[in-house]
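Biologist: Hi! Could you walk me through this structure in plain words?
Modeller: Happy to, just ask away.

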Amino acid sequence: MNSILDSALLNVQQAEAAWCRFITGNDTGSTGSHQAGFYVPKCAASLMFDKPGVKGENKEKLVTIKWQDNFITESCMKYYGQGTRNEYRITRFGRNFPFLEDDNIGDLLIIAKCTDTEYLGYVLSSDEDIDAFFAYFNLSPGDTNHLINLSGVYGSSDTLSVLFDDFISKHEDFPETREMASGARECYNKAFHVTNEHLKKTPDAILMKWIDTEYKLFRSMEDKFYAEILSKPFKTVESFVQTANEVLNRRKSRAGKSLEHHLSDIFTSNNLHFEAQAVTEDNKRPDFIFPDGSSYHNLLFPTENLTILGVKTTCKDRWRQVLTEADRIEEKHLFTLQQGISRNQLKEMQDSKLHLVVPRQNIPCFPMEYQSSLLDLSQFISIIKNKQHA
């Protein structure tokens, strides 16, 4: 971990309140609708003001924000309540502020409140740093744009809580990632009466709900399995560090695989033929090949009916890995939960014949001129169905 990440982890943990979200094309002006500063949702208004804004009135508060432990901006927390507006923003960063450029799209913005007028700001760019921050606070990409839960206490609906308790009671230790993902899907599907028809009509929305549910279930399991350990003082610093690393590594491992497991279930429910981790050239193992590995290696099978799909929760640095995983397939696909990527990288992806697949709700986070070239999950499934039923 680098020093900026270390500082962000320490100071967010000690903050009065903290909030994070991905920097989007709207922030940088890449969506064609540049608003001043960073938009803050109403659910995170307490980061800015003690009391929520009143419709019909504007209010503001001058603050200092120290960025990357390096420089300070004299910024302004604003609530716009007059006319048709009803929104919160952080504004006034100065002309040379470095984090509102196109290349910052997809970076993780973190704001931590130290006092009523003193804040810390961090921007994490690399996939590894973003993943480490998420793992430390047990966040999913869908948890962004909300206040970070610093208490470690999480709630869920009464129905989900009962189903969680039932699942956890059947385990003496953490289950394998596949079983964990399956358990989360079963809990959510039972609680909200999800059928195969829902998976066919709204796969993007269901996928995001499954991911959110799995994070909640995993947190509940951590509370149970680490309760005894945490109830006693650690005898040495080494034992504390060992336990902390065990927790973080388990979080990272589960998060890295759960997205693939959920996608597998959606593909199966949509009657797609696919194989996960099939071996290609040089013992490469792409996340998904449609219809399967044997068809890929059968030179008589039409190349145009083959599809490769890589899966990366974040992909600012990692997307190029997919380009080398199936030599026979010229045009490749990558599914990601990333909320926004810069114009430069999107152009490079297009030039490399890589098609990005993202949840439908994330498409508005990308630069305007590239949004029409993105596929949502439902559209990707339709493409595969057309190939397999032609």
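Biologist: How many residues does the hairpin use to join β6 to β7?
Modeller: The hairpin joins β6 to β7 through 4 residues. Strand names here come from DSSP runs: strands are E runs of at least two residues, helices are H or I runs of at least four, and both are numbered from the N terminus. Before we go on, this is a predicted model, in which local features need pLDDT of at least 70 and side-chain atom pairs count only at pLDDT 80 or more, while totals for chains, interfaces and linings use all residues. Residues are numbered from 1 along each chain as its sequence is written, and side-chain values use heavy atoms, with hydrogens and water left out.

Biologist: Thanks! Which way do β6 and β7 run, and how many bridges join them?
Modeller: They run antiparallel and are joined by 6 bridges. Two strands count as paired if DSSP finds at least two bridges between them. Within this pairing, Lys 113 stands opposite Tyr 119 in β7. On β1, Ala 17 stands opposite Lys 113 too, and β1 is joined to β6 by 6 bridges, again antiparallel.

Biologist: Is β6 buried or exposed?
Modeller: β6 is mostly covered, with 6 of its 6 residues buried. Buried means under 20% relative accessible area, exposed means over 50%, and partly exposed is in between, using a 1.4 Å probe and protein chains only. Leu 108, Ile 110 and Ala 112 point one way, Leu 109, Ile 111 and Lys 113 point the other way, and all are buried. In a regular strand the side chains alternate between the two faces of the sheet.

Biologist: What's the strand order in the whole sheet?
Modeller: This open sheet of 8 strands has the order β2-β5-β4-β3-β7-β6-β1-β8, with mixed pairing. The edge strands are β2 (38-40) and β8 (146-147), each pairing on one side only. Elsewhere in the sheet, β3 (residues 59-67) and β4 (residues 71-80) run antiparallel with 9 bridges between them. There, Trp 67 stands opposite Phe 71 in β4.

Biologist: And which strands does α1 touch?
Modeller: α1 packs on the sheet and touches β1, β6 and β7, with its direction at about 140° to that of β7. α3 also packs on the sheet, touching β1, β6 and β7, and its direction makes about 45° with that of β6. Contact means heavy atoms within 4.5 Å. For the angles, axes are lines fitted to C-alpha atoms, for helices over the stretch in contact, and values run from 0 to 180 degrees between N-to-C directions.

Biologist: What span should α1 have?
Modeller: Helix α1 has 12 residues (3-14), so at 1.5 Å a residue it should span 16 Å, and its end C-alpha atoms are 17 Å apart, which agrees. The expected span is 1.5 Å times one less than the number of residues. Its buried residues are Ile 4, Leu 5, Ser 7, Ala 8, Leu 9, Asn 11 and Val 12.

Biologist: Why call α3 largely enclosed?
Modeller: Because 8 of its 10 residues are buried. Among them are Ile 130, Phe 133 and Phe 134. What covers the buried residues of α3 includes α1, β1, β6, β7 and α9 (237-269). After α3 comes Asn 138, whose phi is positive, near 55°.

Biologist: New topic: how many aromatic pairs are there?
Modeller: The count is 26 aromatic pairs. Rings of Phe, Tyr and Trp (its six-membered ring) pair if their centres lie within 6.5 Å, and planes under 30 degrees apart count as stacked, over 60 as edge-to-face and the rest as tilted. One of them is the tilted pair of Tyr 79 and Tyr 88, at 4.8 Å centre to centre and 45° between the planes. Phe 93 and Phe 97 form a stacked pair, at 4.6 Å and 25°. Phe 93 counts as buried at 11% relative accessibility, and Phe 97 does at 5%.

Biologist: Which residues do ring pairs link into a cluster?
Modeller: The cluster is made of Phe 38, Trp 67, Phe 71, Phe 93, Phe 97 and Phe 99.

Biologist: Last one: which ring does the charged end of Arg 254 sit over?
Modeller: The charged end of Arg 254 sits over the ring of Tyr 215, 4.3 Å from its centre. Arg 254 also lies over the face of Phe 218, at 4.8 Å from the ring centre. The rule is that NZ of Lys or CZ of Arg is within 6 Å of the ring centre and within 35 degrees of the ring normal.
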